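Hi there,

Here is the structure I promised to pass on. Please have a look at it first, and then read my notes below.

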Amino acid sequence: MAPSGTQIKRGCQRVLYWIPVLFIAVIVAWSYYAYVLQLCIESIDDTGEKVVYLLVYHVVFIMFVWAYWQTIFTQPLNPLKEFQLSYSDKELLEREDRGESQQEILRRIAKDLPIYTRTNSGAIRFCDRCQLLKPDRCHHCSVCDKCILKMDHHCPWVNNCVGFSNYKYFMLFLLYSLLYCLFITATDLKYFIKFWLAGGRAHFRLREYLNGLPDTQAKFHILFLFFSASMFSVSLASLFIYHCWLVCKNRSTLEAVRAPVFRHGTDKSGFSLGCSKNFRQVFGDEVKYWPVPVFSSLGDGCSYPTCLVNLDPEQPPSPVGPIPATKIAAEARQFPSKPLRESQSRLLTTTLSWSDSEGAADKDKKGASNPIMTIEHEA
């Protein structure tokens, strides 16, 4: 059967999406040739300097390519099956034509799930295309056409969605690509200056001032390599610093643009647990895995500990004082909380976890049928 017009269009789009990745691959391959062959092997006479440059370069190069590969080919994780609607729930939802009735159905389904964020109107976050309840920090990617856990953004330079499964790889890719460009810029500077100064001399004295740059081809590569590495360093540094700030605040790019909405209202720092815990949520507890492009992030991507008291100095402080128990109990009856996964609970070692708060609530109110969630915050 001949392919339809839609299939041909999608196939062409998939090919076009790989163009930025191929562009980066060509630039990296050329930089390897220019640095290793034209600069180190052909232009540097000092053997010790040559060996040190090549060793450091290849260590940074391998880590950079490894992190880039992981960022590209690690599939973004989708919500677990428990967030997807069953066949009977889909039929029930389709029969209801009123928005409020549909919301009642979604609230009933969501009551057993660790979902605490809402839409701007206060409704349950539901994806019509994927037919599932969106976990916290999950968004639908129009390019991938699926819901991505803790979606940060869709990056054309890696032809992939950056989210929970590969955000650590993306951060390491930015780090090692920045180190790669800075190292090339620093070590190429001396030879770039030689060529630059020699270029302003009279033509008949050109060879006298080149001092070791063997031919026109090598001089071109050395000149262009310095310009390329220095320009990429500026853009990579700004992007890396911005994402370091996001990690420290425990925000995604989408959450920095539009703050998540909780039951108590909008709070752009609702997921922040402090800089150290925010960092460990992305890179894990074991220091030895931090610089290596292997998965070590905490959690499952579907549930996250929250800090419902606003401690961000960029925002006005929250009112001091306890929240009335009647208000918390009302929210718990409407959408009872669920305990966190074990790996996420480790982040709250200095605070009262949700599971502990549920146990305390049960002890205080033995007759209550639903647990009461105690609001957590970091001292």
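The chain holds 13 helices and nine strands, where helices (H or I, at least four residues) and strands (E, at least two) are DSSP runs, numbered from the N terminus. This is a predicted model, in which local features need pLDDT of at least 70 and side-chain atom pairs count only at pLDDT 80 or more, while totals for chains, interfaces and linings use all residues. Residues are numbered from 1 along each chain as its sequence is written, and side-chain values use heavy atoms, with hydrogens and water left out.

Some overall values to begin with. Of the 379 residues of the chain, 46% count as buried; buried means under 20% relative accessible area, exposed over 50%, and partly exposed in between (1.4 Å probe, protein chains only). The chain exposes about 20200 Å², and carbon and sulfur atoms supply 63% of that area. Accessible areas come from the Shrake-Rupley method with a 1.4 Å probe, and for residues only the protein chains shown count as cover. If you take the contacts (heavy atoms within 4.5 Å) between residues at least 6 apart in sequence, 66% of them join residues at least 24 apart.

Next, the aromatic rings. A search of the whole structure finds 28 aromatic pairs. Rings of Phe, Tyr and Trp (its six-membered ring) pair if their centres lie within 6.5 Å; planes under 30 degrees apart count as stacked, over 60 as edge-to-face and the rest as tilted. One of the pairs is Tyr32 with Phe61, which is tilted, at 5.1 Å centre to centre and 45 degrees between the planes. Tyr32 belongs to helix α2 (residues 19–41) and Phe61 to helix α3 (residues 47–73), so this pair ties together parts that are 29 residues apart in sequence. Tyr32 is partly exposed at 30% relative accessibility, whereas Phe61, at 17%, counts as buried. The rings of Phe64 and Phe173 have planes at 20 degrees and centres 6.0 Å apart, so that pair is stacked. With Phe64 in helix α3 and Phe173 in helix α6 (residues 167–199), the pair ties together parts that are 109 residues apart in sequence. Phe64 and Phe173 are both buried.

On to the salt bridges. With a side-chain nitrogen of Lys or Arg within 4 Å of a carboxyl oxygen of Asp or Glu as the criterion, the count comes to eight. In one of them, Arg108 pairs with Asp89, and the closest N and O atoms are 3.2 Å apart. This pair links distant parts of the chain, Arg108 being in helix α5 (residues 99–110) and Asp89 in helix α4 (residues 87–95), 19 residues apart. Arg108 is partly exposed, with a relative accessible area of 40%, while Asp89 is buried at 14%.

Within helix α5, Arg107 and Glu104 sit three residues apart, about one turn of the helix. Their side chains form a salt bridge (3.0 Å, N to O), and Glu100, Glu104 and Arg107 are linked in a network of salt bridges. Glu104 is partly exposed, at 46% relative accessible area.

Another salt bridge joins Asp285 and Arg280, with the closest N and O atoms 2.9 Å apart. Arg280 is among the buried residues of helix α10 (residues 275–283), which also include Lys277, Asn278 and Phe283. Asp285 is partly exposed, at 32% relative accessibility. Gly284, which follows α10, has a positive phi near 95 degrees.

Finally, the cysteines. How many disulfides are there, counting cysteine sulfur atoms within 2.5 Å? The count is zero. The sulfur of Cys130 is 3.6 Å from the closest cysteine sulfur, in Cys147, which is too far for a bond. Cys147 is in no disulfide either, and the nearest cysteine sulfur to it, that of Cys127, is 3.5 Å away. Cys130 is partly exposed at 25% relative accessibility, and Cys147 is buried at 1%.

Best wishes

Notes:
A disulfide is a pair of cysteine sulfur atoms within 2.5 Å.
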